[in-house]
Amino acid sequence: MGLKTFIEGWPVYRQLTGTDPLGRGAAAQSARSATLTARTETADSMARSVCPYCAVGCGQRVFVKDGQVTQIEGDPDSPISRGRLCPKGSASKNLVTSPLRETTVRYRRPYATEWEDLDLETAMDMIADRVIAARDETWEDTDDQGRVLNRTLGFASLGGATLDNEENYVIKKLFTALGALQIENQARI
Amino acid sequence: MAEAHPVGFQWVMEAKGRGAKVFHVDPRFTRTSALADTYLPIRAGSDIALLGGIVRYILENELDFREYVLAYTNAATIVSDEFVDTEDLDGLFSGYDPRTHTYNERSWQYVGQEETTGYRAADRERDTAAGLRHESHGIPVGGQVRRDETLQHPRCVYQILKRHYSRYTPEMVERVCGIPHEKFLELARAWTENSGRERTGVLIYSVGWTQHTVGVQYIRTGAIIQLLLGNMGRPGGGVLALRGHASIQGSTDIPTLFNLLPGYLPMPNCHNHATFTDWVDSIRHPGQKGFWANARAFGASLLKAYWGDAATPENDFCYDYLPRMTGDHGTYQTVLNMIDGKVKGYFLLGQNPAVGSAHGKAQRLGMANLDWLVVRDLFMIESATFWKNSPEVETGEIVPEECRTEVFFIPAASHVEKEGTFTQTQRLLQWREKALDPPGDARSELWFFYHLGRIIRQKLAASDKPRDRAVRDLKWDYPTHGDLAEPSAEAVLKEINGYEVATGRPLSAFTEAKDDGSTAIGCWIYTGVYADGVNQAARRKSRHEQDWVAAEWGWAWPANRRILYNRASADPEGRPWSERKQYVWWDADKGEWTGYDVPDFEKKKPPTYRPPEGATGVQGLAGDDAFIMQGDGKGWLYVPSGLQDGPMPTHYEPAESPMRNPLYGQQANPTRKVYDNPINSVNPSPPQPHSDVFPYVFTVSRLTEHHTAGGMSRTVPRLAELQPEMFVEVSPELAGELGLAHLGWAHLISGRAAIEARVLVTDRLTPLRLDGRVIHQVWLPYHFGREGIVTGDSVNDLFGITLDPNVLIQESKVGTCDIRPGRRPTGPALLELVDDYRRRAEMTGGRPPIVTTDASEREVG
């Protein structure tokens with residue numbers, strides 16, 4: 001190693017002579033870090049998203065490569081969050097890629113002690129049948145004074161605050177058409 | 001705020017850096033306290049006493065922003081001479097009916113209007129949380145009101161308020177809240193000195209504030225202060241709610257709630273909404289003023305969005321298809337009905353009541369008594385596994401082989417695997433782009449419900465039953481795309497926004513809504529989010545390229561307005577109160593309102609406009625009626641109608657308290673919602689005997705590293721590692737008294753359950769000395785349960801079910817308990833322990849005494 005190379009290897013030299021006087025970028029780079037590339041640079045695509053935890057609404061940028069989420073970070077353009085995320089928001093990639101995520105339908109028969117598998121199409125059909133049956137068994141046309149009720153109290157739903165507006169809209173629309181009143185979400189608790 | 005909404009808290013720090021004083025009031029010293037100028041420890045459940053003390057300080061010292069108060073509030077309005085205050089009835093207002101535990105509001109009215117409200121079935125209104133419909137607007141009041149602009153009339157609101165809070169002295173605040181009076185005065189001085197023409201102060205609460213039997217009145221007290229100080233509708237002012245889920249505001253606006261339809265239209269009830277006209281007239285109140293005069297157009301347009309071509313003016317837009325309420329169909333009543341075997345099926349959509357709702361045992365026993373349960377979540381949560389892994393399986397109360405509930409777990413798509421809008425806590429809608437497809441069987445809720453509806457409609461297509469017509473006629477034709485046949489979220493957003501039926505043209509403003517069937521609008525307050533056919537919620541103009549209001553980032557309801565009631569940021573003549581605080585003002589040359597934000601006022605209505613005699617609807621609002629959604633155009637210091645528990649906030653003790661109410665004979669909120677069900681119980685409080693069986697106060701909240709019931713955090717390795725175990729924070733004094741060792745175990749017992757936790761001895765909690773005794777409070781996080789990477793007992797198991805009467809939210813931020821060192825027993829011995837406490841406290845079932853003063857006898861007679 002020549003003297004010039006040796007001196008240029010000092011971050012402080014680069015800091016004093018180069019374009020990075022604060023030593024927060026190129027001046028602090030080691031030979032190894034110089035060979036690294038940020039996942040955000042090699043991603044196939046980036047989606048502009050919003051943190052799924054609390055209601056502050058921090059902007060997120062979601063990077064995808066080869067069909068996998070490779071990075072989620074704060075959106076610096078957001079006037080709400082200015083690129084920042086809290087510990088939960090910063091763990092969003094860990095949330096969506098968690099090994100604990102369930103990705104198949106699980107079914108528990110009455111009186112069973114374990115889960116079993118079920119295909120999605122069958123499950124949807126079974127649920128539709130159960131909704132129709134519960135509705136038929138508990139339907140109320142009128143009260144005892146003959147006033148219109150047009151409803152069922154035979155099934156209920158809970159949840160919505162983690163979902164999209166569009167989803168809440170179709171849930172409410174479908175349940176209302178079915179005559180189901182007992183729809184509630186986290187706003188009630 | 002630094003704990004639960006850290007990124008929002010950066011703006012508090014920004015303000016502090018510019019000289020703002022930050023006060024933090026909390027039972028526990030937190031990361032927020034550490035960064036505040038002053039921290040005030042408070043006894044959980046006593047906030048109205050503290051804030052009432054501030055109201056008294058303002059009024060006694062005449063520190064209100066008088067010009068603002070006179071112009072924009074109802075301070076000068078004269079109230080009926082039939083009104084009697086809690087100060088004269090030992091904690092009850094006039095009109096209390098001890099048989100139903102509700103009020104007749106007649107005597108609370110403005111003078112001369114006693115007959116306009118008439119008798120409203122208050123118990124029915126409580127059961128249907130009718131107050132919630134006022135989230136976007138106040139209740140109407142009729143005719144012209146009588147005012148005394150000098151504020152001297154003994155029955156004007158200003159004087160009534162002054163008398164009501166006259167006993168909320170600094171000494172009383174100290175006695176009730178445990179806040180030293182010099183600290184109280186420091187807060188009172190800072191708040192008043194930083195309000196007025198040149199300065200504004202902001203009140204920020206997290207929604208634990210709503211989880212009290214007087215939760216609505218907590219927020220009302222804050223609103224009174226902010227109105228008296230002129231801090232509403234102005235930049236840097238307001239009462240800001242920090243809500244806890246990504247779109248909890250959206251799921252209230254487009255409600256998955258039993259008592260509302262989109263845009264805060266009430267779900268009809270069978271008693272007084274027999275016809276479409278009955279229903280819309282109950283909203284718009286013909287002959288009265290304000291923006292709700294257009295309710296017929298909003299109602300017709302919603303039904304048109306639901307039932308499309310089938311909805312016509314001739315059939316009242318299929319109004320008869322809507323189901324009718326008869327009372328309380330809320331989540332707690334529903335769970336009690338499950339236990340009683342009245343409910344067959346249940347959908348859980350990203351919510352985990354086995355951990356997150358009060359009285360976990362009731363939640364789990366309810367689910368164990370269903371025919372079927374559908375759980376939609378990212379992870380296997382406690383509410384999906386109650387039949388094999390729950391405290392009740394350990395105690396033998398649930399036996400898997402005997403539990404008949406059929407459970408479907410259908411995995412959900414995450415926030416990056418679907419597109420759509422969240423509405424954050426300041427009413428701002430932000431569109432999320434989809435990053436990739438969901439894995440395996442995971443699907444969005446949009447997919448699940450669209451296809452469930454499609455399948456049900458197929459199965460009912462040939463039905464001739466009248467009840468199935470509403471399903472068959474439903475407009476359910478959203479376009480789908482891709483291999484998964486995902487419905488188009490943009491198509492749904494366009495329907496929410498509303499469109500002209502004949503052309504499909506998206507509407508730009510809710511003023512375009514028609515009552516003749518020519519417009520369809522899914523949620524009228526969101527009209528404009530798809531204006532000009534452009535997804536306004538997807539706007540992402542960088543903060544560096546626009547001003548500080550950032551009006552081109554996302555879209556806020558209503559009408560992309562960022563501060564509500566911002567007409568109040570200008571004086572009655574339309575001029576900014578000060579150059580420093582200018583926001584929206586009247587431009588006389590152009591003859592219109594202008595400013596940094598979308599003015600919350602008719603654009604061309606001059607400040608000098610006065611309504612002609614007999615004017616109604618929007619024409620009835622004067623040019624200085626800044627609170628345009630209120631019936632009288634004024635911010636309400638005193639609420640003559642629409643609240644269950646009184647026109648002014650009053651301190652009541654929590655439903656479970658170790659203390660007798662120092663202010664009134666009436667111990668707790670006399671209108672609180674209670675349930676008589678053997679599963680439910682309330683620990684005794686004074687004046688009942690045996691409150692000493694549960695001598696300690698416990699309160700709960702969030703950790704930065706976890707989220708709600710833990711379904712999105714105990715399952716995430718990084719977060720689980722950061723907060724790996726359930727714990728209870730205990731003061732050194734209490735630890736010494738009970739023999740609790742740091743990092744050792746303790747268990748906590750209530751009349752419902754016993755739970756265990758690791759002990760964290762810390763001076764973040766401090767014993768409160770009040771009224772000649774010491775009250776110990778402990779704190780626990782409510783995130784833990786039995787599934788996920790890190791597990792622990794659920795503190796919500798300790799709570800019983802007692803609700804706020806206005807909105808039916810449970811009291812789950814304060815309760816009483818006993819604490820013992822060591823781990824709790826397991827199996828049947830756990831039930832014996834809780835039973836032993838119930839015997840000692842004589843909790844034999846039945847409701848606790850609701851009225852604890854003899855004043856009610858005088859009222860009824």
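**View 1. In strand β9 of chain B, the bridge partner of A:F155 is B:G345.** This pair belongs to the contact between strand β8 (residues 155–158) of chain A and strand β9 (residues 345–349) of chain B, which run parallel and are joined by 4 bridges; two strands pair if DSSP finds at least two bridges between them, and strands (E, at least two residues) and helices (H or I, at least four) are DSSP runs numbered from the N terminus. The model is predicted, with local features needing pLDDT of at least 70 and side-chain atom pairs counting only at pLDDT 80 or more, whereas totals for chains, interfaces and linings use all residues. Residues are numbered from 1 along each chain as its sequence is written, while chains are lettered from A and ligands numbered from 1 in the order in which they are written.

**View 2. An open sheet of 7 strands, with mixed pairing, has the order β5(A)-β4(A)-β11(B)-β10(B)-β9(B)-β8(A)-β9(A).** At its edges stand β5 (116–117) and β9 (183–184) of chain A, each with a single partner strand, so one side of each is left without a neighbour in the sheet. Strand β4 (residues 106–108) of chain A pairs in the antiparallel sense, over 3 bridges, with strand β11 (residues 406–411) of chain B, and in β11(B) the residue opposite A:R106 is B:F409.

**View 3. Contacts between the two chains involve 130 residues of chain B and 98 residues of chain A.** Two residues are in contact if their C-beta atoms, placed from the backbone, lie within 7 Å. Helix α18 (residues 445–459) of chain B supplies the largest share of the side of chain B that touches chain A, namely 10 residues. That side of chain B divides into 68 nonpolar, 41 polar and 21 charged residues, where Ala, Val, Leu, Ile, Met, Phe, Trp, Tyr, Cys and Pro count as nonpolar, Asp, Glu, Lys and Arg as charged, and the others, Gly among them, as polar.

**View 4. Helix α14 (residues 331–339) of chain B has 8 of its 9 residues buried, so it is largely enclosed by the rest of the structure.** A residue is buried if 20 or more other C-beta atoms, placed from the backbone, lie within 10 Å of its own. The buried residues of α14(B) include B:T331, B:Y332, B:V335 and B:I339, and what covers them includes β8 and β9 of chain A together with α16 (360–367) and β29 (802–803) of chain B. Just after α14(B), B:G341 takes a positive phi of about 80°.

**View 5. Strands β12 and β13 of chain B form a hairpin with 4 residues between them.** The antiparallel strands β12(B) and β13 (residues 428–432) of chain B are joined by 4 bridges, with B:T421 standing opposite B:W431, and B:R427 in the turn has a positive phi of about 70°. From β12 (residues 420–423) of chain B, B:G420 and B:F422 point one way and B:T421 and B:T423 the other, all of them buried.

**View 6. B:W779 lies in strand β28 (residues 777–781) of chain B.** B:W779 counts as buried because it has 25 C-beta neighbours inside 10 Å. Leaving aside neighbours within four places in sequence, B:W779 is in contact with B:P27, B:R28, B:T699, B:E729 and B:L765. By contrast, the C-alpha atoms of B:W779 and B:V501, 278 residues apart along the chain, are separated by 55 Å.

Key. Buried ≥ 20, exposed ≤ 12 C-beta atoms within 10 Å, placed from the backbone.
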